Amino acid sequence: MNPLGARMRRILIIGAGQAGLQLALTLLGHGGYDVTVMTAQTPEEIRDGRITSTQCMFFPALEIEREAGLNHWEEPAPWIEGQRVTLAGPGGQKLLETYGIWDAPAQSVDQRVKMSGWLERVEKAGGRVVLHPVVTSDLEALSRMYDLTLVAAGKGALVELFDRDASRSPYDAPQRNLAAIYVRGVRPYPEHPTPHVRINAVPGVGETYLMPALTTSGVCDAVLVEAVPGGPFDVFGDRRISPDEHLRRLRALYAEWMPWEHELYAEAEPTDEFSTLYGGYAPVVRHPVGTVGDRHVLGMGDVVVLNDPGCGQGANNAAHCASIYHRAIVEHGDRPFTPEWMHRTFERYWEYSRWATALTNTMIGPLPEHVQQVLGVASTDDETARRFARGYAVPPSLADWFFDAEKAGAYLATRTPQPAE
């Protein structure tokens with residue numbers, strides 16, 4: 001509760017995604033904060049609209065939601081045990097396969113369900129929701145009305161306030177063209193029917209991902225194709241296709257490149273008329289402080305760290321960002337939110353997200369030889385498979401072995417038989 005006589009700190013959050021709404025609700029739950037969320041869509045428009053992502057929330061991010069009392073869909077959403085990675089070659093041949101179980105299950109909830117529910121909860125929790133798109137010219141006047149303004153809308157003109165950090169952004173063009181669809185009726189993997197993320201990769205061509213999920217009509221599977229631009233997987237470029245046509249093209253890809261998946265989609269069908277999404281963007285890290293006139297605003301979530309979705313880090317990064325920013329705001333008390341504080345707060349987040357970014361950038365580029373060796377050992381050694389899979393859920397756990405060829409080699413030497421002297 002707000003201490004007697006203390007002034008409520010006024011916080012403006014622009015954007016109603018994972019990062020912005022989680023921060024709004026946790027600040028409202030803490031007390032002492034007058035929180036306004038500005039967004040362009042009503043909960044009904046979000047719920048009845050087009051899918052906005054695929055997502056797999058790993059157990060550390062789920063624990064953040066549980067501790068905040070935001071895990072409203074934990075019971076109906078399917079539990080996801082771990083991840084299977086299958087490397088394939090031309091002609092639909094499996095080259096190797098790994099299966100890693102996480103320390104605790106993951107879950108995926110369609111953001112149409114989750115964000116509409118959280119947005120409705122903001123007002124119930126005592127916050128204010130303003131339904132109005134914000135443009136850059138609005139921001140200086142708006143920010144004068146609040147102690148702290150955060151930009152959590154990862155798309156649109158406001159992102160241009162935050163300059164690209166070239167030292168942390170190795171790519172300046174999209175590395176994948178993306179095509180997503182939500183479907184029902186996909187059969188489980190015969191050798192391991194327990195729900196898990198199915199990752200199929202053809203080096204130099206692209207990847208497909210399937211993750212069990214909860215959507216507006218119940219349990220489904222979210223399927224993402226990551227196509228190397230101009231390659232054989234890049235067949236969704238026209239975008240103005242029906243979900244049925246999208247699914248037909250997806251089946252054709254599986255038939256040629258991953259026949260073990262193709263047969264499992266025989267009875268699949270789209271979940272709804274808005275169940276597809278297309279895109280492509282350059283992964284980027286941006287400087288966290290934007291300037292409008294003599295005012296400063298702080299970026300969060302996808303605004304400041306935008307990873308390719310292939311390793312599933314986006315929603316998890318956003319959850320960790322909101323949690324770290326929440327702690328920093330509360331710890332700061334009634335002091336001014338200066339640009340220096342904004343930079344320090346982002347750097348606290350970067351200490352986490354740097355490893356998620358490194359993982360994603362490693363896996364979407366040409367695989368280094370030592371990473372290929374990790375996958376090779378993981379295909380026959382359960383401990384290596386689990387350690388690799390854990391890196392997706394806990395990216396900092398990769399820091400002391402995965403990214404460095406020498407350290408990775410030293411670890412792998414402990415997991416493979418050594419020749420007799």
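**Helix α10**

I began with the buried residues of α10, which pack against β3 (80-89), β4 (93-106), α9 (339-364), α11 (382-393) and α12 (405-413), where contact means heavy atoms within 4.5 Å. The model is a predicted one, in which local features need pLDDT of at least 70 and side-chain atom pairs count only at pLDDT 80 or more, while totals for chains, interfaces and linings use all residues. Residues are numbered from 1 along each chain as its sequence is written, and side-chain values use heavy atoms, with hydrogens and water left out.

I then listed the residues of α10 (369-378) that are buried, and they are H370, V371, V374, L375, V377 and A378. They lie on the same side of α10, because they cover an arc of only 165° around the axis, the arc being that of the directions from the helix axis to the C-beta atoms. For burial I used relative accessible area, with buried under 20%, exposed over 50% and partly exposed in between (1.4 Å probe, protein chains only). Helices (H or I, at least four residues) and strands (E, at least two) are DSSP runs, numbered from the N terminus.

**Aromatic rings**

Next I searched the whole structure for aromatic pairs and noted 14; rings of Phe, Tyr and Trp (its six-membered ring) pair if their centres lie within 6.5 Å, and planes under 30 degrees apart count as stacked, over 60 as edge-to-face and the rest as tilted.

The ring of Y411 has the charged end of R387 over it, 4.4 Å from its centre; a charge sits over a ring if NZ of Lys or CZ of Arg is within 6 Å of the ring centre and within 35 degrees of the ring normal. I found another such placement at W260, where the charged end of K94 sits over the ring, 5.1 Å from its centre.

**Salt bridges**

I counted 27 salt bridges in the structure, each being a side-chain nitrogen of Lys or Arg within 4 Å of a carboxyl oxygen of Asp or Glu. One of them joins D294 to R144, with the closest N and O atoms 2.5 Å apart. These two residues are 150 residues apart, D294 being in the loop between β14 (289-292) and β15 (295-299) and R144 in the loop between α5 (136-143) and β6 (148-151). D294 counts as exposed at 51% relative accessibility, whereas R144, at 46%, counts as partly exposed.

I next checked R348 and E331, whose side chains meet in a salt bridge at 3.1 Å, N to O. This pair also links distant parts of the chain, since R348 lies in helix α9 and E331 in helix α8, 17 residues apart. R348 is partly exposed, with 35% relative accessibility.

The side chains of E383 and R415 form a further salt bridge, at 3.4 Å from N to O. E383 lies in helix α11 and R415 in the segment after α12, so the pair ties together parts that are 32 residues apart in sequence. Both count as partly exposed, E383 with a relative accessible area of 40% and R415 with one of 28%.

**Annotated span and α6**

From the unreviewed UniProt entry I took the annotation "domain: Styrene monooxygenase StyA putative substrate binding", which covers residues 154-263; its positions are given in the numbering used here, its feature name is shortened, and such annotations may be inferred rather than shown by experiment. For residues 154-263 I noted end C-alpha atoms 37 Å apart, with 17% helix and 31% strand.

I looked at R239, which lies in the loop between β10 (218-227) and α6 (243-257) and has a positive phi of about 65° although it is not a glycine. R239 is partly exposed, at 43% relative accessibility. I also noted that D238, E245, R248 and R249 are linked in a network of salt bridges.

My last entry concerns D244, which I placed in helix α6 and which is exposed, at 55% relative accessible area. D244 and P270 are 6.7 Å apart in space, C-alpha to C-alpha, and 26 residues apart in sequence.
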